[in-house]
Amino acid sequence: STQSTWAALNHLNMGYNNLHSSAFPFSRAWPRLAELLLRSNPYVGYPTFISTLANLVVLQIHVCGIEELPSTMARCTQLVHLDLSSNRLRRLPVQISYISSLLFLSVQGNHLGNSLYFPEKNCLLYLRQNQ
């Protein structure tokens, strides 16, 4: 059935589609999703369903018009790769530092300036071109 096909999904690339956040009414059907690529959808913002994806390992949401991240993002406890570059972020929630599996974090091209506080972590941070 279509529902079981969605439930088996583990990789989804929806980049470059001019999506809006309302484009994800079926997101609860992705319990096994490990990789979500939403890059270059400037109208998406931060889709709140992302915090429900317990098996997410890779998340690329750069150039999505994101202004703020919720603290609930820390529920993505399996996250290894997080690309938030070229958005409109002014701060990161400290809860991101609680994701112990995180090895790669890119926040270049945002508005973080010197306000970035990230406790000592064994992860690669890309901070270039922040204003």
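This is a predicted model: local features need pLDDT of at least 70, side-chain atom pairs count only at pLDDT 80 or more; totals for chains, interfaces and linings use all residues.

Modeller: Let us begin with exposure: a residue is buried under 20% relative accessible area, exposed over 50%, and partly exposed in between, with a 1.4 Å probe and protein chains only. By this rule Y16 is exposed, because its relative accessible area is 58%. Residues are numbered from 1 along each chain as its sequence is written, and side-chain values use heavy atoms, with hydrogens and water left out.

Colleague: What is the mean pLDDT of the protein, and in which strand is confidence lowest?

Modeller: pLDDT is the predictor's confidence in each residue, on a scale from 0 to 100. The mean for the protein is 82, and 76% of its residues reach 70 or more. Confidence is lowest in strand β6 (residues 124–126), with a mean of 57, and highest in β3, with a mean of 96.

Colleague: Which residues have the most contacts inside the largest nonpolar core?

Modeller: In soluble globular proteins, nonpolar side chains tend to be buried together. A nonpolar core is a set of buried Ala, Val, Leu, Ile, Met, Phe, Trp, Tyr and Cys residues joined through side-chain atoms within 4.5 Å. The largest one here has 32 residues, and those with the most contacts inside it are L36, I50, L59, I61, L69, L84 and L92.

Colleague: Where is L36 placed, and what is L36 in contact with?

Modeller: L36 lies in strand β2 and counts as buried because its relative accessible area is 0%. Contact means heavy atoms within 4.5 Å. Neighbours within four places in sequence aside, L36 touches L12, F49, I50, L53, L56, V58, L59 and Q60. L36 and N10 are 26 residues apart in sequence, with 8.4 Å between their C-alpha atoms. For the protein as a whole, among contacts with a separation of 6 or more, 23% are between residues 24 or more positions apart.

Colleague: How many aromatic pairs are there, and which rings are involved?

Modeller: Rings of Phe, Tyr and Trp (its six-membered ring) pair if their centres lie within 6.5 Å; planes under 30 degrees apart count as stacked, over 60 as edge-to-face and the rest as tilted. The count here is one aromatic pair. The rings of W30 and F49 have centres 5.5 Å apart and planes at 75°, so the pair is edge-to-face. This pair links distant parts of the chain, 19 residues apart: W30 is in the loop between β1 (11–13) and β2 (35–37), and F49 is in the loop between β2 and β3 (58–60). W30 is buried at a relative accessible area of 1%, and F49 is buried at 9%.

Colleague: How many disulfides does the structure contain?

Modeller: A disulfide is a covalent bond between the sulfur atoms of two cysteines. The criterion is a pair of cysteine sulfur atoms within 2.5 Å. A search of the whole structure finds zero disulfides. C64 is buried, with a relative accessible area of 0%, and C76 is buried at 0% as well.

Colleague: Which residues other than glycine have a positive phi, and where are they found?

Modeller: Y16, in the loop between β1 and β2, has a positive phi of about 60° although it is not a glycine. S40, in the loop between β2 and β3, has a positive phi near 55° and is likewise a residue other than glycine. S40 is buried at a relative accessible area of 18%. Beyond its neighbours within four places in sequence, S40 is in contact with Y16, N17, H62, V63 and C64.

Methods
Helices (H or I, at least four residues) and strands (E, at least two) are DSSP runs, numbered from the N terminus.
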